[in-house]
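Open the model in your viewer and keep the selection panel at hand. The tour moves from stop to stop, with something to select at each.

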Amino acid sequence: MLHTLQSPKDLSQLSLSELESLAQEIREFLIEKVSRTGGHLGPNLGVVELTLAMHRVFDSPEDPIVFDTGHQSYIHKILTGRVEGFDQLRQGGGLAGYPSREESVHDVVENSHASTSLSWADGISRGFSLTGQSERCVVAVIGDGALTGGMAWEALNNIAVAKNQRLVIVLNDNERSYSPTIGGIAHSLAKLRSKDSEHQGIFSTLGIAYLGPINGHDLGKLEETLKEAKALTHPVVVHVVTEKGRGHKPALDDDAERFHAVGIVDSLTGKSISPSAKTWTSVFGKELALLGQERQDIVAITAAMQGPTGLNEFQKLFPERTIDVGIAEQHAVTSAAGLSFAGLHPVVALYSTFLNRAYDQLLLDVALHKAGVTFVLDRAGITGDDGASHNGVWDMALTGIVPNLRIAVPRDERRLKELLRQAICIEDAPTVVRFPKGALAHQIEAIRNLDGFDILCEREKRSVLILAVGPFAAMALEIAETLTNIPITVVDPLWVKPLSAQLLAYCASFSMLVVIEDGIEHGGIATTISEELRANHSSIQIISCGVPLKFLDHAKRSTILEENNLSAEAIGSIYAGRDATPFSWKRFPHTDSLTPARSR
Ligand SMILES: Cc1ncc(C[n+]2csc(CCOP(=O)(O)OP(=O)(O)O)c2C)c(N)n1
């Protein structure tokens with residue numbers, strides 16, 4: 001039946017028992033396909049009946065459906081004509097792992113950052129009402145995890161007084177984010193689930209209509225309640241209780257995360273196909289646990305991602321010093337400033353992309369107050385398969401303009417440990433330690449350390465210098481070893497902010513500087529060095545090899561790097577006189593031409 005579905009309208013002909021067997025077929029399909037590509041298996045297995053019911057009751061795309069975060073939209077994709085794309089899920093050129101406007105008119109929001117759906121839906125439904133499209137209904141599907149984010153409550157505050165807005169908030173309550181959802185909101189939802197008659201419930205207290213709780217796997221009940229909600233001319237919350245990982249034993253047995261996100265796994269056992277290797281995350285996690293033993297003042301903070309950010313070991317040893325704030329990066333960062341004020345040293349462990357959320361808090365609560373807080377940014381740089389909004393390519397440019405803040409970028413395991421240790425000793429300024437997704441780079445020892453930066457390869461003649469940020473050290477050395485006819489020296493700055501006067505002076509003693517960095521070129525490390533050197537009248541030519549300023553389609557990290565000329569071959573071709581196409585690197589002007597203007 002699955003492969004015959006072209007549009008949600010095809011569902012209208014089906015009987016309840018046909019829908020139930022379709023649900024079963026969808027689960028089997030998801031388990032088989034997602035096990036092969038990797039993806040968000042557990043969340044999608046939980047919303048099969050819910051998505052079927054939504055598409056039968058609402059008329060997408062006339063009635064837009066906004067998925068919060070968007071990781072649970074696979075069934076929606078299947079029902080809107082994309083079933084054949086699942087062999088290529090999250091692969092370059094294939095189906096995106098999140099909603100994608102390019103793929104379908106049924107997809108509305110593709111940002112993948114949590115807790116935005118209620119604001120989107122409020123805006124759309126208000127817009128419909130203001131433009132005389134009051135027959136159109138807007139649906140927001142938000143998880144109990146996403147409901148812990150501050151944005152959701154800013155939206156609810158407005159939705160509570162919204163008039164003439166046809167807005168249905170489907171609360172998909174599976175009691176979990178990755179791990180069980182924490183905090184007062186989770187407690188309140190638990191009371192609603194238990195139908196505690198004493199408990200009025202948070203939504204009713206706010207003055208928002210509430211229907212439920214209902215069993216999210218009972219198709220009949222789901223349809224009946226969603227129809228009731230659709231008929232209303234004001235906002236309503238429909239509280240749907242679902243089971244994450246439903247119908248797949250390995251997922252249900254995974255107490256930690258219910259298969260929130262899987263890599264490539266065996267579809268029967270759910271076990272990983274590739275042997276588990278040491279990762280940047282695991283090295284960080286172990287080192288932080290050691291540091292926690294050495295220092296009683298270290299506190300670890302996670303925004304609902306304890307496992308993925310490597311904090312499990314620390315949490316086991318120091319539960320009282322581990323804080324899960326929910327999907328609340330802004331709160332995480334400002335409360336870290338408070339913890340620092342109280343004499344502790346917080347380590348805020350985030351994926352790089354999610355720090356974007358808390359920029360103002362980082363700038364004004366942490367840095368302005370000279371708080372000693374260490375930010376550990378995992379998945380920094382290009383992450384690839386999760387698409388544009390998951391890439392961690394903005395952190396160096398964003399944090400580069402924060403006064404006081406320092407940034408370390410380790411090139412390998414040993415440097416990660418060392419730089420983390422240095423970072424947590426800084427008590428009067430924020431520090432950032434960033435590392436990428438995936439395999440740990442192999443260990444590269446320095447020939448010597450000169451005033452704080454490492455020289456990895458050195459030629460007598462000071463001609464070309466490659467400044468490799470973090471794990472790009474290996475690529476820089478490969479270039480130097482391949483192009484034996486060109487004297488290439490390679491340095492690893494270790495700390496990229498601030499850039500020491502010694503490092504800048506060293507750079508200025510070469511005739512060409514190539515900077516390789518895993519972040520956007522604009523406002524990146526090459527730009528900063530260029531500004532500094534230009535101010536010092538250096539005539540060095542600077543070539544910036546970084547990520548171009550555009551949103552990058554999903555694909556493997558390695559493919560995206562190659563496509564953007566961040567490969568040894570492409571960078572090497574600069575010297576060989578061959579231009580790689582498209583030739584994306586930016587050559588900064590020779591400073592000679594600027595000197596007269598400056599001296600006027
Ligand atoms: C701002 C932000 N922080 C962190 C994440 C990472 N993240 C993705 S899904 C998720 C848990 C979502 O839980 P919930 O909304 O309950 O959905 P479920 O997976 O349980 O269906 C988290 C923390 C994110 N997408 N956005």
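Helices and strands on this tour are DSSP runs, helices (H or I) of at least four residues and strands (E) of at least two, numbered from the N terminus. The model is predicted.

**Stop 1: a loop residue with positive phi**

Select arginine 379. It sits in the loop between strand S9 (374-378) and helix H16 (395-400). Check its backbone: phi is positive, about 55°, although arginine 379 is not a glycine.

**Stop 2**

**Stop 2: the ligand**

Which of the 25 residues come nearest? They are Pro43, Ala114, Gly143, Gly145 and Ala146. Colour the shell by class next. Nine of its residues are nonpolar, eleven are polar and five are charged. Keep the domain colours on for a moment. Domain 1 (15-253) and domain 2 (280-434) each supply at least three residues to the shell around the ligand.

**Stop 3: H1 against H3**

Select helix H1 (residues 16-37) together with H3. The two axes come within 10 Å and cross at roughly 130°. H1 and H3 are therefore oblique to each other. The crossing of H1 past H3 is right-handed. Show side chains at the contact. H1 brings Leu19, Leu22, Ala23, Ile26 and Arg27, and H3 answers with Val48, Glu49 and Leu52. By class, this contact of H1 with H3 has six nonpolar residues, two charged and no polar ones.

**Stop 4: H3 against H9**

Is the crossing of H3 and H9 left-handed or right-handed? H3 passes H9 in a right-handed crossing.

Display the residues that meet:

- From H3: Glu49, Leu50, Leu52, Ala53, Met54, Arg56 and Val57.
- From H9: Leu219, Leu222, Glu223, Leu226, Lys227 and Lys230.

Sorted by class, the contact of H3 with H9 holds eight nonpolar and five charged residues, with no polar ones. Glu49 and Leu52 of H3 are also among the residues that meet H1.

**Stop 5: two cis prolines**

Select serine 60 and proline 61. The peptide bond from serine 60 to proline 61 is cis, with omega near 5°. Proline 61 belongs to the loop between H3 and strand S1 (65-67).

Now select glycine 212 and proline 213. A cis peptide bond joins them, and omega is about 0°. Where is proline 213? Proline 213 lies in strand S4 (residues 209-215).

**Stop 6: H11 against H17**

Select helix H11 (residues 280-294) and helix H17 (residues 413-424). Their axes come within 10 Å and cross at roughly 40°. That angle makes H11 oblique to H17. The crossing of H11 and H17 is right-handed.

Show the contact residues:

- From H11: Trp280, Val283, Phe284, Glu287 and Leu291.
- From H17: Glu413, Leu416, Lys417, Leu420 and Ile424.

The contact of H11 with H17 has seven nonpolar residues, three charged and no polar ones.

Terms used:
Residues numbered from 1 in each chain as written. Predicted model: local features only at pLDDT ≥ 70, side-chain atom pairs only at ≥ 80, totals over all residues. Left-handed = near helix turned anticlockwise from the far one by under 90°. Contact = placed C-beta atoms within 7 Å. Nonpolar A, V, L, I, M, F, W, Y, C, P; charged D, E, K, R; others polar. Near = placed C-beta within 6 Å. Domains from an automatic or database assignment. Axes fitted to C-alpha atoms, helices over the stretch in contact; angles between N-to-C directions. Parallel < 35°, antiparallel > 145°, perpendicular 65-115°, else oblique.
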